[in-house]
Amino acid sequence: MQCYRCEQDVLRIDKDLQQTKLQYQFVPLINMHTIQNTLHRYGLSASHHQAVSELLYQVSLDYKAALFQGGKRGRHYLLQLQTAIIKDARRYSPALVEEIARQVGLDLEMFLADRQSDLAREAFVADQKMANELGVTRTATAVIFDTTGPDYGVLINDFDYDTLIQLLHDGQLQVMQTAQDFIDRFNHVQPRFRIL
């Protein structure tokens, strides 16, 4: 649920900062913390550890497979799947996976093959490695890079819309300035940022 909210915040920022080139990427993260968090949030016992781990892994492979057909389609697939599971309380199943894939316009045959492919597994492993190298240990974490500046980023755990807006201003936001005031001002300049 927290990741879903954070993804919505990133999409809202991308929409609000119309004249700013914002590149973003949603990266699935699976580790002991995310598995334990999932067990806790759904009131599951430790005996469900393996099943939750396998489910999170397959959802991540599905997302990677959807991304193979384009970044926007992949993100749309992820958001629609999360909406079905989180908001509509639907169970993850092969039928739901196919329904969402069709709904977002994926080539179903290609998607179904890709979600079981070595390429999807390799892409997932690369994501986990990148997250580890960036110091990301839990979900709902943003890593922000200014692609026009030095080669360093800012890691933000449990971020939200206002936190991201404040950091994207590159130190120009005054304490009393609202997020909307900043957006209005920020749309007149052209810095480029990348959020992972």
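Ser60 is buried, with a relative accessible area of 5%; buried means under 20% with a 1.4 Å probe, protein chains only. The model is predicted, so local features need pLDDT of at least 70 and side-chain atom pairs count only at pLDDT 80 or more, while totals for chains, interfaces and linings use all residues. Residues are numbered from 1 along each chain as its sequence is written, and side-chain values use heavy atoms, leaving out hydrogens and water.

**Ser60**
- Ser60 lies in helix α3, residues 49-67 (helices are DSSP runs of H or I, at least four residues, numbered from the N terminus).
- Apart from neighbours within four places in sequence, Ser60 contacts Pro28, Ile30 and Phe124 (contact means heavy atoms within 4.5 Å).

**Helices α4 and α5**
- Helix α4 (residues 71-87) packs against helix α5 (residues 94-103) at an angle of about 135°, and their axes are 9 Å apart.
- On the α4 side, the contact is made by Tyr77, Gln80, Leu81, Ala84 and Ile85; α5 supplies Leu96, Val97, Ile100, Ala101 and Gln103.

**Confidence**
- The average pLDDT of the chain is 78, and 66% of the residues score at least 70 (pLDDT is the predictor's confidence in each residue, from 0 to 100).
- Residues 171-183 have pLDDT below 50, and this stretch has 17 contacts in the model beyond near neighbours in sequence.
- Residues 185-196 also have pLDDT below 50, with 54 such contacts in the model.
- Where pLDDT is low, predicted coordinates should not be read in detail.

Methods:
Axes fitted to C-alpha atoms, helices over the stretch in contact; angles between N-to-C directions. Helix = DSSP H or I, 4+ residues; strand = E, 2+ residues; numbered from the N terminus. Buried < 20%, exposed > 50% of the residue type's maximum accessible area, 1.4 Å probe, protein only.
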